[in-house]
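Let's take a quick walk through this model, starting with a charged pair and then moving on to one of the helices.

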Amino acid sequence: MAAYLDAESSIAETAAVLGVHRNTVAARIERIERLLAVDLHHRDERLALHLACRAVGRTEET
């Protein structure tokens, strides 16, 4: 999720960064949307999740 959001929601760029096929990324994003009940096409929801991913990442670093 963090890689997808860092890549500005680009499935192709996320796939390249993670070293997986773009269909894998698309399937994972669909699953995340279902599990979290969010629509990543809405920028406010994307922003909230991006901030949450960064906040979690910072706590793991310390």
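## The salt bridge

Keep in mind that this is a predicted model. The structure has 1 salt bridge: the side chains of Asp6 and Arg54 come together at 3.4 Å, N to O. The pair ties together distant parts of the chain, with Asp6 sitting in helix H1 (residues 2–6) and Arg54 in helix H4 (residues 43–61), 48 residues apart.

## Helix H3, end to end

Now for H3, which runs over residues 22–36. Its 15 residues reach 21 Å from the first C-alpha to the last, close to the 21 Å expected at 1.5 Å a residue. Just after H3 comes Ala37, with a positive phi of about 55°.

Which residues of H3 are buried? They are Val25, Ile29, Ile32 and Glu33. Looking down the axis of H3, you'll find its buried residues within an arc of 100°, so they line one face of the helix. Those buried residues pack against H1 and helix H2 (11–18).

Technical notes:
Residues numbered from 1 in each chain as written. Predicted model: local features only at pLDDT ≥ 70, side-chain atom pairs only at ≥ 80, totals over all residues. Heavy atoms only, no water. Salt bridge = Lys/Arg side-chain N within 4 Å of Asp/Glu carboxyl O. Helix = DSSP H or I, 4+ residues; strand = E, 2+ residues; numbered from the N terminus. Expected span 1.5 Å × (residues − 1). Buried < 20%, exposed > 50% of the residue type's maximum accessible area, 1.4 Å probe, protein only. Arc of directions from axis to C-beta. Contact = heavy atoms within 4.5 Å.
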